[in-house]
Amino acid sequence: MVPTNTQQHSKIHFRHFVEVPSAECIIGTALDESKKLKLFLIVRGDGPIYRRNGINDTWDELGSERSAIRRLVRDAMADNKIPRYSTDTLSVLN
């Protein structure tokens with residue numbers, strides 16, 4: 001697990017990644033410090049990042065937190081300790 005401090009001062013730990021090559025995005029699941037599940041939709045490159053808001057049933061685009069989350073995702077994926085899956089072949093990538 002790779003923790004990060006976001007602008008909201010909550011630490012999150014990514015637990016899984018699902019790569020969706022046909023949409024050029026990654027879905028990431030994370031737990032915050034209170035063990036609440038967080039879902040992120042990360043568009044590859046410099047694209048937007050969205051966090052799932054279950055209360056409002058929406059995907060909210062991140063603002064100032066985006067660079068911290070993108071850095072965390074990059075570091076976590078390089079670490080190879082977090083399970084990664086792909087919808088391309090429905091295979092396990094690590």
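The model is predicted: local features require pLDDT of at least 70, side-chain atom pairs count only at pLDDT 80 or more, and totals for chains, interfaces and linings use all residues. Residues are numbered from 1 along each chain as its sequence is written, and side-chain values use heavy atoms, with hydrogens and water left out. The mean pLDDT of the protein is 84, on a scale of predictor confidence in each residue from 0 to 100. A score of at least 70 is reached by 83% of the residues. Residues 1–9 fall below 50. Beyond near neighbours in sequence, this stretch has 28 contacts in the model, a contact being heavy atoms within 4.5 Å.

The protein contains eight strands and one helix. These elements are DSSP runs, numbered from the N terminus: helices are H or I with at least four residues, strands are E with at least two. Their order along the sequence is β-β-β-β-β-β-α-β-β. Of the contacts between residues at least 6 apart in sequence, 32% join residues at least 24 apart. The accessible surface comes to about 5900 Å², from the Shrake-Rupley method with a 1.4 Å probe, where only the protein chains shown count as cover for residues. Carbon and sulfur atoms hold 50% of this surface. Of the 94 residues, 35% are buried. Buried means under 20% relative accessible area, exposed over 50%, and partly exposed in between (1.4 Å probe, protein chains only).

Strand S5 (residues 49–53) pairs with strand S6 (residues 58–61) in the antiparallel sense, over four bridges. Pairing requires at least two DSSP bridges between two strands. Arg52 has Trp59 in S6 as its bridge partner. Four residues lie between the strands of this hairpin, and Asp57 takes a positive phi near 60°.

The largest nonpolar core has 15 residues. Such a core is a set of buried Ala, Val, Leu, Ile, Met, Phe, Trp, Tyr and Cys residues joined through side-chain atoms within 4.5 Å. Ile12, Phe14, Phe17, Phe40, Ile69 and Val73 have the most contacts inside it. At least two core residues come from each of strand S2 (11–20), strand S3 (25–32), strand S4 (37–43) and helix H1 (66–79). H1 supplies the largest share, five residues.

Phe14 is buried at 1% relative accessibility. Phe40 is buried, with a relative accessible area of 1%.

Two loops carry backbone exceptions. Most residues other than glycine have a negative phi. Glu24, in the loop between S2 and S3, has a positive phi near 55°. Glu24 is partly exposed, with a relative accessible area of 47%. Lys35, in the loop between S3 and S4, has a positive phi near 70°. Lys35 is exposed, at 63% relative accessibility.
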